[in-house]
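Please open the structure in the viewer and keep a selection tool at hand.

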Amino acid sequence: MNGLMMDLPLLISSIAQHAERFHGNREIVSVTGDNPLHRTSWGEVISRARRLANALQRCGLKQGDRVATMAWNDHRHLEIYYGVSGAGFVCHTVNPRLFAEQIIYIINHAEDRWLFIDAMFVPLLEGISSQLASLEGVVIMTDEAHMPKCSLDNAHCYETLINAQSSDFDWPAIDENAASALCYTSGTTGDPKGVLYSHRSTVLHAYAGVAPDVLNLSARDSVLPVVPLFHVNAWGVPYSAAISGAKLVLPGPKMADGEALYNLMQDEDVSISLGVPTVWLALLQYTEKAGKRLEKLQRTVIGGAAVPRMMIEAFRDRHGVEVRQGWGMTEMSPLGTVNTPKPGMETMTPEQQLDLGVKAGRGIYGCELRIVDDEGHELPWDGKAYGALQVRGAWVCSDYFKLDGGAGAHTVDGWFDTGDVAIIDGEGYVTITDRTKDVIKSGGEWISSIELENVIMGHPAVAEAAVIGVAHPKWSERPLLVVVRAEGEEVTEAELVSYFDGKVASWWVPQDVVFVDELPHTATGKVKKVELRRQFVDFKLSD
Ligand code: ADP
């Protein structure tokens, strides 16, 4: 016997309708390429998204056709999110910081028909447009006054395009399982792979994001996503914020500018901000130097890479800001775990709180987790056993776009293998010890590069650090510590090595230390270990 409840499709357009009706006046503030501080509202954004939907329909796009974006976080990008997906097309966010060859590959693989682009990326596109076979037209996301001179075929001005359209548009009743958005992994090994989100997965993920122990978003919040709209839907914030009616503060091209972020947080009463660790390093360095305190910010959600202990400590002790570490990936929309305390943990000492805080967090409802050994047997959640972390759930990918199972990322019993190695404790808190490919294998045992990095990031003379495995004749691999010194700090190799004493097992302590001016980063701000390993492939370890 079925229940007698309505069966309405979970559509992104329903989020748009909700935001417009209930939170129409709630502000959206953006830094854009053509305006240092643009103010609009959820009502206006959704109304303009309907104009855009009309424009796209006039271009002859069919349901499921891909429309690409190459842009920073601002209100126009948000309008495209809702206009494209809401009308039944697929919003393909392209990361403009990828190499040109990767961008060409991604756009051709996705067969994007139209591309919306920030004016500042036009020269990049001009350099590659002859190789983009599927592209029929380009829309430059600015007004007539700021249109750049360009040699692109069929290029239009965003404001002119949408202002010529009516804001009357009926969002189509599409299947909730229809594709809504597309995002490619950064492809550190092999070609980038496309993750194709559906309306249903996006809505369920956005619901989960709002919850108190996840992002905890409400109509009273002002949210600054420093996670880009061009990568994994900015962790679902554009949707979760619309559901809750939170104010959005979008930093445009100022994503890595500590001072600009600080000023936005203070001036726009930002209560929560989200980003990868490197972004927060820039902000913390700025506040330290300028002698400033984050007075408005209440919490940050940090994920995408392990969060160093000193970062959690600096936010807590210097700024009174709660850090919630999160873990996830493009293939998971991305939320998988978030670190918030359970009852009883409020009595923990400050040190115990940090011990908990450096973990990736506990599973959120909707995303199941398990760790398995090499034979696929499930391992206990005892805080000791480590194995391959696998997930399944309504917002986890079931395959990659046009790969038809070829990636081999799923198990026969239907779980997705994340490529991460993890430990899970008795309370369900996950610790990511490594990427499978980054783990250091020494004398048949595994050394966690992440744990070593976390320790050394606590040294005041270290600005950034990475640990990689380097070939060793006896132990097969030994850890090499690569360090960027903090400005004006002097520190020796021996001092850094002895800093590990008593903090990790003695055989984990890095064999050698190399000082560099900077570490290579991926387009999403993570340390590019593949490149580091390449750089140090012939490194001769000392005895
Ligand atoms: P890509 O850089 O390939 O596009 P994602 O942005 O999807 O990838 O990153 C996902 C990966 O980032 C995870 O599989 C994991 O290795 C790493 N990661 C994310 N959050 C954390 C965390 N809190 N601690 C450690 N690693 C993390």
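Buried means under 20% relative accessible area, exposed over 50%, and partly exposed in between (1.4 Å probe, protein chains only). This is a predicted model, in which local features need pLDDT of at least 70 and side-chain atom pairs count only at pLDDT 80 or more, while totals for chains, interfaces and linings use all residues. Residues are numbered from 1 along each chain as its sequence is written, and side-chain values use heavy atoms, with hydrogens and water left out.

Select Glu111 and Lys402 to begin. These two form a salt bridge, with the closest N and O atoms 2.7 Å apart; the term denotes a side-chain nitrogen of Lys or Arg within 4 Å of a carboxyl oxygen of Asp or Glu. Lys402 is partly exposed, at 38% relative accessible area, and Glu111 is likewise partly exposed, at 39%.

Next, select Lys296 and Asp269, whose salt bridge has its closest N and O atoms 2.9 Å apart. Lys296 is partly exposed at 35%, and Asp269 is partly exposed at 45%.

Proceed to Lys528 and Glu531, which meet in a salt bridge of 3.5 Å, N to O. Here Lys528 is buried at 18%, whereas Glu531 is partly exposed at 30%. The whole structure holds 32 salt bridges.

Finally, turn to the cysteines. How many disulfides are there? The count is 0, a disulfide being a pair of cysteine sulfur atoms within 2.5 Å. Select Cys157: the nearest cysteine sulfur, that of Cys150, is 11 Å away. Cys157 is buried, at 5%.
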